[in-house]
Amino acid sequence: MSTFNSADIAAFNGGVWVFCEQRQGTMMSTSFELISEGRKLADELGTKLYGILLGHNIEGIAKELGGYGADGVYVCDDPLLENYTTDGYTKVICDTIEEYKPEVMLIGATNIGRDLGPRCAARLHTGLCADCTHLDIDVPKYKDFLRESSTLAPAMIDSIKEDDRNLKMTRPAFGGHLMATIICPRFRPAMATVRPGVMKKAEFNQAKADACEIIKPEIKLTAADMQTEVVEVVKAAKKLVDLIGADVVVSVGRGISKDVQTGIKLAEELAEVLGGVVGASRAVVDSGWMSADHQVGQTGKTVHPKIYVALGISGAIQHKAGMQDSECIIAVNKNETAPIFEIADYGIAGDLFKVTPMLIEAIKAAKAAK
Amino acid sequence: MKIIVCVKQVPDTSGKVAVNPDGTLNRASMAAITNPDDLNAVEAALVLKEQTGAEVIVVSMGPPPAEGMLREVMARGVDRAVLVSGREFGGSDTYATSQILAAAINKIGVGEEDIVMCGRQAIDGDTAQVGPQIAEKLHLPQVSYAAEIKKDGNTLTVKRMLEDGYMTIKVKTPCLITCIKELNTPRYMSVGGIFECYEKPYEIFDFNTLKDDPLIDLTTIGLKGSPTNIFKSFTPPQKGAGMMLEGADKETCEKLAGILAGKHLI
């Protein structure tokens with residue numbers, strides 16, 4: 001066994017790392033988001049930022065990460081890493097962490113990241129915070145965040161000591177009713193999975209991409225390490241809706257129950273004139289009216305489009321958690337006391353089946369008049 | 001063959017959630033339910049029991065009142081239940097929880113043909129970490145996000161969901177599977193089951209029961225043994241309400257379109 005000791009904090013001077021997930025040779029957009037966020041954390045810590053990229057024949061996509069802020073990328077290329085497997089990825093990542101000792105490790109909270117992260121943290125004996133939506137090192141910045149995003153009393157925020165240098169990992173809990181900031185003070189690396197779509201992608205810089213260093217760690221993986229076999233990887237036949245990247249999201253809720261097909265069709269038409277995509281509340285997905293890739297909310301996707309239209313959505317906290325940071329929220333609901341109106345920029349108390357067609361016409365007219 | 005299913009009692013976060021003035025959750029004011037994904041894991045185990053005659057055992061970590069939940073799960077057809085409960089276990093994060101549950105599962109014993117099942121995640125913490133961490137502590141292969149499970153001898157073929165499709169994965173027992181709601185529809189308790197559930201074996205594992213397992217060490221369990229700590233907890237502010245537009249007619253819609261155009265949003 002190696003002499004790796006996760007409690008020997010001082011030994012972890014290998015920088016901030018981001019697990020850069022790729023699927024079939026295409027980088028996941030969350031990898032660029034996390035590199036952009038990781039850059040800020042590395043700057044606050046005064047250290048370097050590295051990506052760690054696993055796969056087979058993937059070196060060609062590594063340098064692009066530099067364009068978003070990575071100083072270097074650990075490229076782990078092996079035929080056994082062609083498809084994601086828990087065993088293969090966990091072994092290679094843990095071996096590489098044990099050798100190079102990063103102090104922070106960020107992983108996108110995708111279905112793969114949330115399989116990989118806990119397994120690595122358990123093996124390394126360190127802490128992992130799940131599905132984070134905000135990260136800080138510097139306490140003064142963290143205090144600014146609390147002033148903006150919490151209901152804590154100002155005196156309580158002011159009293160937080162400013163010398164803490166741990167990664168402060170903030171995440172929603174209890175369906176978004178509570179937020180918790182978690183630290184991992186006694187072990188390294190401090191690990192977090194980060195919700196896709198939350199961190200903003202930086203401006204791409206070609207010169208930095210060209211300068212990005214490629215490091216090839218030794219890979220000690222054999223077929224005997226793999227306890228599962230990937231028989232096939234199937235992409236969804238239907239093109240999945242890209243809620244996270246959309247500028248406009250028009251979502252439908254239980255209010256469409258009277259005539260589901262028409263309700264969805266109206267949302268699609270409105271989304272089309274606004275140049276957006278259609279989302280849904282949990283009730284709509286649970287009822288089987290729309291597929292899960294449309295779901296916005298705590299258990300679905302987090303979106304912050306320029307325009308978010310909520311049609312017939314009451315606004316349960318679990319839905320709000322996924323959309324309340326949208327720039328402009330428009331709500332249409334029959335019930336004028338629906339909680340969605342508490343966060344909407346513009347509310348119309350009315351029947352979505354009557355209001356939506358009029359809104360479509362009005363927007364078409366307003367666009368034509370421009 | 002045994003199937004060991006991990007279940008958790010959680011506050012029902014879909015209804016009204018009460019928060020104490022200090023920012024902690026007022027659990028006493030909320031209904032306690034069995035975590036929804038865990039019921040899918042129980043159902044998957046019961047389906048395999050019907051096919052193979054396996055014994056199904058549920059394990060939960062929590063305070064003594066969780067017995068009620070475990071009896072209910074037995075009323076659905078589970079054969080026996082173990083509650084892992086003790087002061088030393090309190091305050092555990094996912095790492096420490098997985099150490100304790102793995103020790104409890106070791107005590108029950110994982111044989112060559114056995115399967116451990118968990119729900120994908122619990123609705124109170126939404127971490128999805130304890131399942132994979134138990135698998136690591138038990139040195140078992142894991143398949144998470146299972147939407148379909150087929151068993152042929154000692155080989156399981158699992159449809160593992162991804163955001164953009166799925167993988168088909170083959171794994172041999174013993175292994176750990178985490179289940180999502182697409183996997184099945186949990187059955188209800190049967191009248192006979194409710195009758196029998198109080199006769200079925202129910203055990204409590206406390207610190208003394210588990211203390212000889214190398215995983216149980218006061219430096220790796222409970223609040224003190226947890227690698228993560230809460231730095232602050234708080235409630236998010238409500239975004240301020242905006243403008244309610246009068247009426248719900250053509251004029252209202254034209255006014256809204258005008259505002260959006262004025263703000264260059266369209």
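**Where chain A meets chain B**

Tyr346(A) stands opposite Met243(B), a residue in strand 13 of chain B. This view comes from a predicted model. Tyr346(A) belongs to strand 18 of chain A, residues 346–349. Strand 18 of chain A pairs with strand 13 of chain B. The sense is parallel, and the pairing runs over three bridges.

Now step back to the whole interface. Here 66 residues of chain B are in contact with 74 residues of chain A. Several elements of chain B each give two or more residues to this side. Among them are helix 3 (94–108) and helix 4 (130–137). Strand 7 (142–152), strand 8 (155–162) and strand 9 (165–172) of chain B are also on the list. So are strand 12 (229–234) and strand 13 (243–245) of chain B. Helix 8 of chain B, residues 250–262, is another. Helix 8 gives the largest share, nine residues. By class, the side of chain B that touches chain A holds 34 nonpolar, 20 polar and 12 charged residues.

Next, look within chain A. The domain assignment gives domain 1 as 9–225 and domain 2 as 248–368. How far apart do the C-alpha centres of the two domains lie? The distance is 33 Å. The two domains of chain A do touch: seven residues of domain 1 are in contact with eight residues of domain 2. The domain 1 side of that contact has two nonpolar, four polar and one charged residues.

How values were computed
Residues numbered from 1 in each chain as written. Chains lettered and ligands numbered in written order. Predicted model: local features only at pLDDT ≥ 70, side-chain atom pairs only at ≥ 80, totals over all residues. Domains from an automatic or database assignment. Nonpolar A, V, L, I, M, F, W, Y, C, P; charged D, E, K, R; others polar. Helix = DSSP H or I, 4+ residues; strand = E, 2+ residues; numbered from the N terminus. Pairing = 2+ DSSP bridges.
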